[in-house]
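Please look over the sequence and the structure shown here before reading on. The report that follows moves through a few selected places, one after another.

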Amino acid sequence: MSDIRVLDPHVADLIAAGEVVERPASVAKELMENAIDAGASTVTVEIARGGLTFLRVADDGCGIPAGQLKTAFLRHATSKLRTEHDLEAIGTLGFRGEALAAIAAVSRVEVLTRTAGAPLGASLSLEGGVAGAVEEAGCPQGTTMVVRDLFFNTPARLKFMKKDAAEGAAVFATVQRVALSHPEVSVKFIRDGRQELLTPGDGQLQSAVYAVLGRELALGFRPVRSTGEEMSVTGFASLPACCRGSRNWQFFFVNGRQVKSKLMAAALEEAYQNQKMVGKFPACVLHLETRLSAVDVNVHPAKTEVKFGNERQVFSAVYYAVKSALEGDRSHPSATLAPQPAVRPQGAPAQAEAPAAVRATPQPPRRAPVVSAPGVLHVHDNTYQPPRQSPPPPQWRVSAPSPVRPEARPAPRTPESPRPAPAVEEAAPQEPAPRAVRQEPEEPAPLLPQEPDWRLAGEVLHTYIIVEQGDTIFFIDKHAAHERMNFDRMKAEGYDPMAQTLLTPAVCRLSAPEQAALLAHRALLEEFGFEVDELGQDLAVRQAPFDVEVEDIPSTLEEIAQKLLTSGSADPAAARDELLHTMACKAAIKGGWRTSPQELEQVARAVMSGQVKYCPHGRPVAIQLTRKELEKQFKRT
Ligand code: ADP
Ligand code: MG
């Protein structure tokens, strides 16, 4: 080995730059953060060739005084920190004084800037970190940075860049996150001469969400708002039926800073327990605000990870905020009769961050024979799935859920009405933390039983219950709703396994892993009324719950085994939930069956009271159709 020597400052700079400037997206992020720290109300990002040859960030912020322009590009030069104590409560996005130096070290930079008071602005060019002279220049107030030929002097790094499209997509994703993090700033993105994003900058998160994530996703969002003494959580979270195929649509911000947080993601997902489909992930845009000193933002080179002083509190704050937003929601997906153009997410998050699978959702099912005549019902919705029992071809256009109906109020609870869903605490984290957030506004509970304001109009196709309430007609999937009622009841009261001993044991042949999974959970199966024994390669079932038809025993056990294998086997609580799901389904009235009017009424009551919204797999239990929609079809309006 050769001697140990301190690196030449130029080499040291290039190495340091590698930590901050990984790709064009990181340049965009740092420059946009500087713009926001400078108090800008508009920020424009423009790129060509994925941002590698050209990347411009222009703002109307406070500008940099000509006399300090060169200093800004020195390492550890910052106007945002003075002493070590300032590190304890960082209120700006930047604080290390590294970004400009790092970017300039590996590119050709031109700056044009003017402060509010100055009659003239200043310009400066740098190449590979070497600055030219500061010159006077006429320009509007604010700062424009142009970064060309990124990594021109570090070919090793250049080699690792992806195709222009992928780098450009990553820049776009960064711009989108900045736009969502600061709705008071109007953010514009131009790629190869085309404007791809413009947020209004009106301070409303909703406007930013609409502009960034598009109408389709925004319609599936419900507002989240809870304020506690220590922290507040606001923003939007998707309805269970509008969950996505990946976590790419989860956006978390802490004090205005975009963060990746496994903790917050876990709290979010916990709030959807037993509401969403397996393999689906909630989407969200959630802002957590707390004391600056309660978060350490100085733990990650790109500042995208933070450390919370009190993780438990953060978990509860997010969990309860989302949970109560979902519980407060009484809406059902709405059905409309007229053919509508397919909704396309505008400016869906860029490819690099959001793979095609999550953006390509809005195509109507091809096989649905859609006849474009008045009065013919059309379907399209990526989240709604037809019932499992040999469904009729989907003929409803189910659009995303509509806003909360103000007229919906809780129906009285009568002895035969199902128990309300288990309390929030049921699904809470192992050791429920003290409630850190106060919900607002609280809906007062009705004191006296009220007459229901809806009427059961009938049942069609032995599957859908029709209910009328005011000007709205509801179609309830009786199986899905009943399954949910069973699930909630079983979860609250435990499953009572009315079991039958079989005269001759049912013999099931399952795959070896399936058989092993079931045998490993034999005690749990017994709780649910199944007694199984190993019989060589087979499984002998000596006892099974009444809810399962004898001929269905093998397929039911196979289903349970599959669930245990894919999700539930390691975690006992999850395993129990999986069995509850299966048994809730088996015990439910089925589509296609004849059901007594009393039972239909009971199901309708549970749905109309708002207690039952999604089947345990996240499918909606009801859709709604308005008088207006009908009248449109009959040309009455
Ligand atoms: P940091 O943001 O951590 O302070 P930077 O290297 O990103 O470090 O920027 C150095 C300094 O340059 C900042 O502290 C700020 O004073 C100034 N600066 C950078 N960009 C801008 C801008 N767009 N508008 C005004 N001042 C800026
Ligand atoms: Mg900075």
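A nonpolar surface patch, as the term is used here, joins nonpolar side chains that lie within 5 Å, and its residues must have over 30% relative accessible area and no salt bridge. In this model, which is predicted, such a patch of about 250 Å² is formed by Leu 7, Val 11 and Ile 15. Of these residues, Ile 15 has its place in helix H1, which covers residues 9-20.

**The ligand site**

Around ligand 1 there are 19 residues, and the closest are Asn 34, Thr 78, Ser 79, Lys 80 and Gly 97.

| Residue | Part of the residue | Distance to an oxygen atom of ligand 1 |
|---|---|---|
| Thr 78 | N or O atom in the side chain | 2.5 Å |
| Leu 100 | polar backbone atom | 2.9 Å |
| Ala 99 | polar backbone atom | 3.3 Å |

On its own, ligand 1 has 530 Å² of accessible area, and the protein covers 92% of that area.

**Residues in loops**

Ala 116 lies in the loop between strand E3 (108-114) and strand E4 (121-127), and because its relative accessibility is 56%, where exposed means over 50%, Ala 116 counts as exposed. Although Ala 116 and Pro 140 are 24 residues apart along the chain, their C-alpha atoms are separated by 9.1 Å.

Asp 149 is not a glycine, and yet its phi is positive, at about 50 degrees. This residue is placed in the loop between strand E7 (142-148) and helix H5 (155-159), and with a relative accessible area of 27% Asp 149 is partly exposed. His 462, likewise a residue other than glycine, has a positive phi near 50 degrees. The loop that holds His 462 runs between strand E20 (455-460) and strand E21 (464-469), and His 462 is partly exposed, with a relative accessible area of 32%.

**Helix H15**

Helix H15 (residues 572-586) contains 15 residues and reaches 21 Å from its first C-alpha to its last, which is close to the 21 Å expected at 1.5 Å a residue. Is helix H15 largely enclosed by the rest of the structure or largely open, and why? Helix H15 is largely enclosed, because 11 of its 15 residues are buried. Among the buried residues of H15 are Ala 575, Asp 577, Glu 578, Leu 579 and Leu 580, and the list also includes His 581, Met 583, Cys 585 and Lys 586.

Definitions and conventions: Residues numbered from 1 in each chain as written. Chains lettered and ligands numbered in written order. Predicted model: local features only at pLDDT ≥ 70, side-chain atom pairs only at ≥ 80, totals over all residues. Heavy atoms only, no water. Patch = residues over 30% accessible without salt bridge, like charges linked within 9 Å, V, L, I, M, F, W, Y side chains within 5 Å. Areas by Shrake-Rupley, 256 points an atom, 1.4 Å probe, with all protein chains shown as cover. Salt bridge = Lys/Arg side-chain N within 4 Å of Asp/Glu carboxyl O. Helix = DSSP H or I, 4+ residues; strand = E, 2+ residues; numbered from the N terminus. Expected span 1.5 Å × (residues − 1). Buried < 20%, exposed > 50% of the residue type's maximum accessible area, 1.4 Å probe, protein only. Near = heavy atom within 4 Å. Polar contact = N/O pair within 3.5 Å; in protein donor to acceptor, adjacent residues only side chain to side chain.
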